[in-house]
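Morning, everyone. I have one structure to go through today, and I'll keep it short.

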Amino acid sequence: MFILDRRILTHFDYMQPILFTPIILLSFFLIFEAHALLAEKQFVYTCVGILAFFIFFFIPIRKLIWLIPVAYFINIFLLLSVDIFGVEKLGAKRWLEIPFTQFTIQPSEIFKPSFILMLAYLIYQNPPPQNGYKLKEFTKISFFIILPFLLIAKEPDLGSATVLLIVGFGVLFIMGVHYKIWLSIILVISISSPIIYTHFLKPYQKQRIHDFIAEKPSYQVAQSMIAIGNGGLTGKSEDEATQTHFNFLPISTSDFIFAYLVERFGFLGGLVLILLYILLIFHLLSLNNKLKNDYFTRVVVNCVALFIFIYVAVNISMTIGFAPVVGIPLPFFSYGGSSFTIFMIFFGILQHLITFRYFWIDK
């Protein structure tokens, strides 16, 4: 059986875990320091994420490639079901209750792996020509990007929906689309932006934009910036990290954990974390040269790199007042199980495609 081949050890991309494992360990340290009970839960989430990694690492994705559209539309059905059977929390329907249990799932989160694989499937089936995709091919692929965007935005979860939109069209930009199409899209967005703001954004979404452009930042951002300033160059001791441990900093272990990190380890600590993310993103993008005409794996690589870049850029910008406050976590760093598990699935899929690529080439 090919999964037992010793060449797995030589083809496995060790640089990926080398770069994201320190992020996980640093996150666990901060969460444990802030709240021991949350650290216990995060340990369980980590174990679940590692298990998910190995499950997807050993799934023969290329052999089961015909199942990808099926998985995609099953997840679309779940997104549609949210509007009918969804559980409402904090004014939004984003969750489905698992029958006969007290647990819920968030279809917009579990949709992401099938979204990446569907893009890879479509581009693998129809690789871009030398001058990039023309309007017909671009429109076909765009349908599979815009459909989940509309369903998730309707929940409402504009943040997650916009991330999918950027990742989808970002991958198309990297793979190649005729430049006239991009110019047309930029023109349409520029003209329609006032209409979108006036007629399609919810009141709380407009409030977030208003808080972002206001002279005085919102309470959460103000406390976050105080925590970052309190950290200085090298950070404060646990007893002196008053913003976090006196609960002035809101949701310090999840959305604003970067501010907590800087308060404890200072500007240098924040710089190290950002550097780890940058190295991980550049490492993933560098794989494009190695993969060349393997469009399926290249799409997955670029999707994962874009997801990490967007999550990191938005979350850190949010904590320093450079972006509206949205519920986008730091990959492998913010407290929570769903985001961590999804990213471990991403890397499980990616490592499978890289590690077992030799098998399909040999065949």
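Predicted model: local features only at pLDDT ≥ 70, side-chain atom pairs only at ≥ 80, totals over all residues.

Start with the pair. Two packed helices are described by the angle between their axes and the distance between the axes. Here the two are helix 6, residues 135–153, and helix 7, residues 158–175. Their axes sit 8 Å apart, at an angle of about 170 degrees. Angles over 145 count as roughly antiparallel, so that is how helix 6 and helix 7 run relative to each other.

What meets what? On the helix 6 side, the residues include Phe-138, Ile-141, Ile-145, Phe-149 and Ile-152. On the helix 7 side, they include Leu-158, Leu-164, Leu-165, Phe-169 and Leu-172. Sorting the residues of this contact gives 14 nonpolar, four polar and no charged.

Next, helix 13, which covers residues 295–319. From first C-alpha to last, its 25 residues reach 36 Å, close to the 36 Å expected at 1.5 Å a residue. Of those 25 residues, 21 are buried, so helix 13 is largely enclosed by the rest of the structure. After helix 13 comes Gly-321, with a positive phi near 85 degrees.

Last, Gln-243, in helix 11, residues 242–245. Is Gln-243 buried or exposed? Its relative accessibility is 8%, and the cut-off for buried is under 20%, so Gln-243 counts as buried. And which residues is Gln-243 in contact with, leaving aside neighbours within four places in sequence? They are Gln-223, Ile-226, Ala-227, Phe-248, Leu-249 and Glu-263.

That's everything from me.

Key:
Residues numbered from 1 in each chain as written. Heavy atoms only, no water. Helix = DSSP H or I, 4+ residues; strand = E, 2+ residues; numbered from the N terminus. Expected span 1.5 Å × (residues − 1). Buried < 20%, exposed > 50% of the residue type's maximum accessible area, 1.4 Å probe, protein only. Contact = heavy atoms within 4.5 Å. Axes fitted to C-alpha atoms, helices over the stretch in contact; angles between N-to-C directions. Parallel < 35°, antiparallel > 145°, perpendicular 65-115°, else oblique. Nonpolar A, V, L, I, M, F, W, Y, C, P; charged D, E, K, R; others polar.
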